Amino acid sequence: MSVEATVAPPLANPAEAGGGGSDLRLESVTKRFGSFTAVDDLTLTIPAGSFFALLGPSGCGKTTTLRMVAGLEEPSTGDVYLGDQRITSLRPYKRPVNTVFQNYALFPHLSVADNIAFGLKRQGRKGVDSEVTRMLELVELVGYAERRPAQLSGGQQQRVALARALVNSPQVLLLDEPLGALDLKLRRQMQIELKGIQTEVGLTFVHVTHDQEEAMTMADTVAVMHGGVIEQMGAPTDLYDNPATTFVANFLGQSNLVEGEIRTADGDELTVAVQGTTIRVPAERARVRSGKVWVGVRPEKVVVHAEAADAEVTNSLPRGTVSDVSYSGVSTQYLVRMPWDQELTVFEQNTGARPLLRTGDQVDLRWRPQHTFVLDAAQDASAGVQDAKVGV
């Protein structure tokens with residue numbers, strides 16, 4: 001399914017799309033609902049033409065942030081700008097911004113074609129029928145033009161909502177969990193296609209989601225929100241490979257976090273004492289340089305070995321016991337109980353290079369030093385774990 005040849009021509013020049021292709025800026029924005037602070041002193045710049053994702057669990061403030069950009073909520077304090085234009089108090093219809101809502105927000109009494117054409121007709125645009133036809137082709141709804149929203153599936157309704165937003169050539173497109181109604185296969189397909197659309201037209205996309213895969217697949221930049229603030233922001237690979245907090249480490253994928261204490265912190269490498277062994281860490285991957293820490297490594301970076309590990313080549317935690325084996329076809333998840341009674345997780349691709357391990361097997365865990373990260377032990381090692389599990 002594709003979603004874009006129609007709007008590519010009008011969006012080729014963002015200046016014609018409604019405001020000059022300007023950066024979207026939030027400056028010291030706070031939003032309170034009574035005594036509850038939903039967004040807390042948020043300052044953020046989203047470059048024009050970027051695909052930006054606000055990622056976090058329910059109640060973290062991401063949707064409230066989106067609504068303040070759309071004009072559906074007004075900040076308690078702070079301002080929202082598009083370029084040099086302050087839009088904080090502008091009504092939604094006066095902003096060069098369109099929103100694709102989680103619940104579609106289609107007009108039930110209008111046909112699919114009329115839903116898509118609604119904004120164009122209000123603007124007095126010419127050639128509406130041809131633009132609607134092209135958009136129907138792009139979202140694979142040819143033949144559905146005269147149907148009403150109630151006659152469509154949830155996924156089809158979402159495609160109509162996307163078409164209706166894109167055909168209006170906004171400067172910024174806000175996406176509030178836009179793929180939530182689609183099945184897994186179609187959702188993954190749409191992730192790739194939406195990113196392709198955004199790259200082609202150069203339009204700023206701001207995408208709100210709780211789905212880590214969605215954020216990392218589509219966005220140039222991901223901001224992980226928690227408790228009304230941004231915990232960490234950057235390229236998806238940077239956030240995943242080198243998380244700044246235990247919340248990011250646990251919410252964005254899974255992490256093994258083992259307690260340790262920094263032994264040396266000289267030059268480009270740190271050494272950390274962990275349960276009687278020494279772990280090496282590149283200095284740029286350590287958030288603290290002294291005291292007690294959490295030593296982290298992603299499960300897919302760890303290799304299980306039944307023979308003794310060579311500590312000169314890799315980091316190693318010896319003498320574990322396989323406590324659980326979960327086969328999922330492409331990969332196998334191992335839980336390994338270590339001598340200090342902590343279970344660590346390992347993901348291994350099922351290449352067929354060796355037989356599966358079995359419960360009770362004795363193993364060492366190895367990984368490369370450059371895949372290690374170090375976080376402050378004052379942070380809660382379980383932060384973000386439950387949020388990631390429930391997928392809220």
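**Close-up 1. Lining of the largest cavity in the predicted model.** The largest cavity is lined by 13 residues, and those nearest its centre are Val 258, Val 297, Leu 317, Leu 344 and Trp 367. A cavity here is a set of points, on a 1 Å grid over the protein atoms alone, where a 1.4 Å probe fits but cannot get out, and lining residues have an atom within 4 Å of a point. About 80 Å³ of space lies in this cavity, and the structure holds two cavities of 30 Å³ or more; a volume is the space filled by probe spheres set on the grid points, which are joined across faces, edges and corners. At least two lining residues come from each of strands S11 (256-266), S14 (292-297), S18 (343-349) and S19 (362-367), with S18 giving the largest share, three residues. Helices (H or I, at least four residues) and strands (E, at least two) are DSSP runs numbered from the N terminus. By class, the lining of the largest cavity has eleven nonpolar, two polar and no charged residues, where Ala, Val, Leu, Ile, Met, Phe, Trp, Tyr, Cys and Pro count as nonpolar, Asp, Glu, Lys and Arg as charged, and the others, Gly among them, as polar. This is a predicted model, in which local features need pLDDT of at least 70 and side-chain atom pairs count only at pLDDT 80 or more, while totals for chains, interfaces and linings use all residues. Residues are numbered from 1 along each chain as its sequence is written, and side-chain values use heavy atoms, with hydrogens and water left out.

**Close-up 2. The largest pocket.** The largest pocket (an open set of points with protein on both sides within 12 Å along at least five of seven lines) has a volume of about 810 Å³. Its lining comprises 25 residues, of which Tyr 93, Val 97, Asn 98, Gly 119 and Asn 168 are the closest to its centre. Strand S6 (97-100), helix H3 and helix H5 (154-166) each supply at least two residues of this lining, which divides into 14 nonpolar, seven polar and four charged residues.

**Close-up 3. Helix H3 against helix H4.** Helix H3 (residues 112-122) packs on helix H4 (residues 128-138) at an angle of about 130°, with the axes 10 Å apart. H3 is therefore oblique to H4, given that angles under 35 degrees count as roughly parallel, over 145 as roughly antiparallel, 65 to 115 as roughly perpendicular and the rest as oblique. Axes are lines fitted to C-alpha atoms, for helices over the stretch in contact, and angles run from 0 to 180 degrees between N-to-C directions. Val 112, Ala 113, Ile 116, Ala 117, Leu 120 and Lys 121 of H3 meet Val 128, Glu 131, Val 132, Met 135 and Leu 136 of H4, contact meaning heavy atoms within 4.5 Å. The contact of H3 with H4 has nine nonpolar, no polar and two charged residues.

**Close-up 4. Helix H3 against helix H5.** The axes of H3 and H5 come within 7 Å and cross at roughly 30°, so H3 is roughly parallel to H5. On H3 the contact is made by Val 112, Asn 115 and Ile 116, and on H5 by Val 160, Ala 163 and Arg 164. These residues fall into four nonpolar, one polar and one charged.
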